[in-house]
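Reader: Before we turn to the model, could you take me through how such features are read?
Author: Gladly; let us look at it together.

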Amino acid sequence: LDSIKAAFAGKPSVGQTTRDTSRTYLVDAEKLAEGREGRMGPQERFHAIQTLSRFAEREKINVVAVVGGRPLREVAHGETFNGVRVFYVDAEKTMAEQMQQVLDRELRGRAVVVTNDKQLETTLVGRGVGTLRLTSLRRALDSNNNGEGGGGDGGGRNRERGDRGDRGDRG
């Protein structure tokens, strides 16, 4: 879990507790919203943006979100909502094309891209752009929702299953 948190938090110098706010994450917020409720609409998209906003504030990182659909009344294309800059997919583009455009034009190629699109990930890695899977972001979001500092019940998705005993080496 610490490695996931480290991916989102800047590494502080010795004796320093502030995080690197120059780090920017470009997030496929459409897939983030999709995985939460099963239904996709303006409310789910807005909830994903709000979640990213709280996470960015807590982790002291910059987040740029790309979502589908029409622009929400709460935040227009290219505008910032509570610290998260939001872009919408143009009607004639795919999510991958829009993310690459935002990366190239707005962020000048300097961001870590968070996506589950394997083809986009391969293309970006070939260009030297850092990538993370959306599942890593979800784990970091879940760990933050279950308390700071890794305390509590561990934040695992299966925490209500009880003690499952020794499951052997699965490596």
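Reader: Which residues line the largest pocket?
Author: This is a predicted model, in which local features need pLDDT of at least 70 and side-chain atom pairs count only at pLDDT 80 or more, while totals for chains, interfaces and linings use all residues. Residues are numbered from 1 along each chain as its sequence is written, and side-chain values use heavy atoms, without hydrogens or water. Rolling a probe the size of a water molecule over the atoms shows where empty space is left. A pocket is an open set of points on a 1 Å grid over the protein atoms alone, where a 1.4 Å probe fits, with protein on both sides within 12 Å along at least five of seven lines, and lining residues have an atom within 4 Å of a point. Here the lining consists of Pro-42, Gln-43, Arg-45, Phe-46, Gly-69, Arg-70, Pro-71, Leu-72, Arg-73 and Glu-74.

Reader: Which residues have the most contacts inside the largest nonpolar core?
Author: In soluble globular proteins, nonpolar side chains tend to be buried together. A nonpolar core is a set of buried (under 20% relative accessible area, 1.4 Å probe, protein chains only) Ala, Val, Leu, Ile, Met, Phe, Trp, Tyr and Cys residues joined through side-chain atoms within 4.5 Å. The largest such core has 28 residues, and Val-27, Leu-52 and Leu-137 have the most contacts inside it. Helix H3 (a DSSP run of H or I, at least four residues) gives the most to this core, with 6 residues. Beyond its neighbours within four places in sequence, Leu-52 is in contact (heavy atoms within 4.5 Å) with residues including Val-27, Val-63 and Leu-137. Another core, of 16 residues, lies apart, with Phe-87 and Leu-103 among them.

Notes
Buried < 20%, exposed > 50% of the residue type's maximum accessible area, 1.4 Å probe, protein only. Helix = DSSP H or I, 4+ residues; strand = E, 2+ residues; numbered from the N terminus.
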